[in-house]
Amino acid sequence: MSVLAFDTATPRYPRGLAVAILLAAFAAIAGALLAASHPSPAWHWLHWLGKPLATVLIFVLAWQSRPAQSPRYRRLVLAGIACSLLGDVLLMLPGDLFVPGLLAFLCGHLCFIAAFTGDCRFAARPWLLLATLGFGAVNMVLLWDAIGPALRMPVIVYVVVLASMGGQALVRARVLAQRGDPQAPAARLAAIGGLTFMLSDCLLAWNRFDGPLPWSSLWVLAAYYLALWWIARSVQRVGSPIVTEAAK
């Protein structure tokens with residue numbers, strides 16, 4: 001009789017696109033570091049061009065992934081990356097657009113949460129979600145006095161949504177692994193991406209509110225692009241069905 005199995009090999013992706021993303025991310029990070037130590041319009045432009053370009057290319061990576069886990073998952077991940085791109089631009093523009101940028105990223109995280117609940121109930125493993133919420137709460141408590149009163153409520157809302165995104169990605173990876181779902185490897189990529197996004201924003205918060213971190217642009221942006229990269233990679237279906245003949 002015929003038996004349905006799955007090829008769980010790691011999904012392929014365009015090598016040229018991966019190199020382009022790496023170069024754009026390098027330009028964004030190098031431009032930020034050089035502009036901080038040697039102020040020059042050239043370095044600022046390198047950062048301003050590289051930063052959104054890397055996010056655009058990651059968007060293209062998710063868009064080109066074939067076959068996708070589902071059209072819904074792809075659309076929501078693309079929407080989340082697009083919101084992140086908007087946040088990139090808002091935070092780069094002259095003037096203090098921190099709150100609009102925060103709102104753009106918050107919308108992105110809501111899109112990611114929606115993507116991660118398509119095949120897994122929200123908070124299906126509550127202790128994992130509580131762990132990420134606890135991590136966010138600890139950082140909020142430690143930074144509380146450094147956050148201006150006007151920013152406290154927006155930051156609280158953002159931290160809850162961000163931690164929920166990372167927690168739900170982790171919950172989904174756990175649930176799909178326990179089910180033996182063939183998409184568990186892709187869910188692990190999304191979970192790594194969600195947790196790395198939390199790390200990036202944690203570093204950003206400490207750098208903004210507590211004081212400059214050494215080489216902050218390197219750590220924040222490297223973690224950010226890795227997070228988006230892993231979430232984008234999770235769009236592609238890991239296994240394709242294979243029909244095999246089993247002995248009677």
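**Entry 1: helix H2**

I began with the buried residues of H2 in this predicted model. My list reads His 47, Gly 50, Lys 51, Pro 52, Ala 54, Thr 55, Leu 57, Ile 58, Leu 61 and Ala 62.

Next I checked the length of H2. With 24 residues at 1.5 Å a residue, H2 should span 34 Å, and its end C-alpha atoms are 34 Å apart, so the two values agree. The expected value takes 1.5 Å times one less than the number of residues.

**Entry 2: the nonpolar core**

I moved on to the largest nonpolar core, which has 62 residues. Which of its members touch the most others? I noted Val 77, Phe 112 and Phe 197. For the helices, I wrote down that H1 (15-37), H2 (41-64), H3 (71-92), H4 (98-116), H5 (126-143), H6 (149-179), H7 (184-210) and H8 (216-233) each supply at least two residues of this core. H6 gives the most, with 13 residues.

Leaving out residues up to four places away in sequence, Val 77 touches Ala 62, Phe 112, Ala 115, Ile 231 and Val 235. Two of these names were already in my notes: Ala 62 is one of the buried residues of H2, and Phe 112 is, like Val 77, among the core members that touch the most others.

**Entry 3: the largest pocket**

I looked up the space in the largest pocket and found about 980 Å³. Of its 43 lining residues, the closest to the pocket centre are Leu 91, Phe 98, Leu 204, Arg 208 and Val 220. H2, H3, H4, H5, H6, H7 and H8 each supply at least two residues of the lining. Which helix has the largest share? That is H7, with 11 residues. By class, I recorded 29 nonpolar, nine polar and five charged residues in this lining.

**Entry 4: the second largest pocket**

My last stop was the second largest pocket, where about 280 Å³ of space lies. Its lining is made of Ala 18, Val 19, Ile 21, Leu 22, Ala 25, Phe 26, Ile 29, Ala 30, Ala 222, Tyr 225, Leu 226 and Trp 229. H1 and H8 each supply at least two of the lining residues, and the largest share, eight residues, comes from H1. I also sorted this lining by class: 12 nonpolar, no polar and no charged residues.

How values were computed. Residues numbered from 1 in each chain as written. Predicted model: local features only at pLDDT ≥ 70, side-chain atom pairs only at ≥ 80, totals over all residues. Heavy atoms only, no water. Core = buried A, V, L, I, M, F, W, Y, C linked by side-chain atoms within 4.5 Å. Buried < 20%, exposed > 50% of the residue type's maximum accessible area, 1.4 Å probe, protein only. Helix = DSSP H or I, 4+ residues; strand = E, 2+ residues; numbered from the N terminus. Contact = heavy atoms within 4.5 Å. 1 Å grid on protein atoms, 1.4 Å probe; cavity = no way out; pocket = protein on both sides within 12 Å on 5 of 7 lines; lining within 4 Å. Points joined across faces, edges and corners; volume = space filled by probe spheres on them. Nonpolar A, V, L, I, M, F, W, Y, C, P; charged D, E, K, R; others polar.
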